[in-house]
Amino acid sequence: MAIKRTTRPKRAQALKEARETLVASWVAQHGMRLSGEALWRALGFGSRRTFDRAAREGRLPVQIYPLPIGRGRFARTEDVADWIWKQMEKRRKGGDAQAK
């Protein structure tokens, strides 16, 4: 007789809810768009200069864009929070957070 395991679906649901909570808290704290220091620090850059270099070289992990009525670069807060979640998942699973 096989025993059904119900922990996997429950765990998957808990992880999904945790991700949604992370995204919602970032949006509540920063609004729909991130820019400036909040953006480059969230992506793990130590300075604006290294962020700008990575942007020029196309090495940013999220899509960035300029706004017609603004200066600088912007990213959707949800995209940044989702990228952070993926990095946390890689570490949780034992993978290198910088890989891929």
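Is Arg76 buried, partly exposed or exposed, and at what relative accessibility? At 38% relative accessibility, Arg76 counts as partly exposed, where buried means under 20% relative accessible area, exposed means over 50%, and partly exposed lies in between (1.4 Å probe, protein chains only). The structure is a predicted model, in which local features need pLDDT of at least 70 and side-chain atom pairs count only at pLDDT 80 or more, while totals for chains, interfaces and linings use all residues. Residues are numbered from 1 along each chain as its sequence is written, and side-chain values use heavy atoms, with hydrogens and water left out.

The secondary structure of the chain comes to 4 helices and 2 strands; helices (H or I, at least four residues) and strands (E, at least two) are DSSP runs, numbered from the N terminus. Along the sequence these elements follow the pattern α-β-α-α-β-α. Of the 100 residues of the chain, 26% count as buried. The chain exposes about 7600 Å², and carbon and sulfur atoms supply 52% of that area, as given by the Shrake-Rupley method with a 1.4 Å probe, where for residues only the protein chains shown count as cover. Contact means heavy atoms within 4.5 Å, and among contacts between residues at least 6 apart in sequence, 51% join residues at least 24 apart.

The interior comes next. In soluble globular proteins, nonpolar side chains tend to be buried together. A nonpolar core is a set of buried Ala, Val, Leu, Ile, Met, Phe, Trp, Tyr and Cys residues joined through side-chain atoms within 4.5 Å. The largest such core here has 19 residues, and those with the most contacts inside it are Trp26, Leu39, Leu43, Phe45, Phe51 and Val80. Two or more residues come from each of helix 1 (7-30), helix 2 (36-42), helix 3 and helix 4. Helix 4 gives the largest share, 4 residues. Not counting residues up to four places away in sequence, Phe45 touches Trp40, Thr50, Phe51, Ala54 and Leu60.

Helix 4 is also the place of Thr77. Thr77 counts as buried because its relative accessibility is 1%. Leaving aside neighbours within four places in sequence, Thr77 is in contact with Trp26, Val27, His30, Gly31, Met32, Arg33 and Leu34.

Charged side chains complete the picture. A salt bridge is a side-chain nitrogen of Lys or Arg within 4 Å of a carboxyl oxygen of Asp or Glu, and by this rule the count comes to 9 salt bridges. One of them joins Arg73 and Asp52, with the closest N and O atoms 2.7 Å apart. This pair links distant parts of the chain, 21 residues apart: Arg73 is in the loop between helix 3 (48-56) and strand 2 (74-76), and Asp52 is in helix 3. Arg73 is partly exposed, with a relative accessible area of 27%, whereas Asp52, at 18% relative accessibility, counts as buried.

Glu78 counts as partly exposed, at 34% relative accessibility. A further salt bridge connects Asp82 with Lys86, whose closest N and O atoms are 3.5 Å apart. Both residues lie in helix 4 (residues 77-92), 4 residues apart, about one turn of the helix. Lys86 has 47% relative accessibility and so counts as partly exposed. Arg19 joins Asp82 and Lys86 in a network of salt bridges.
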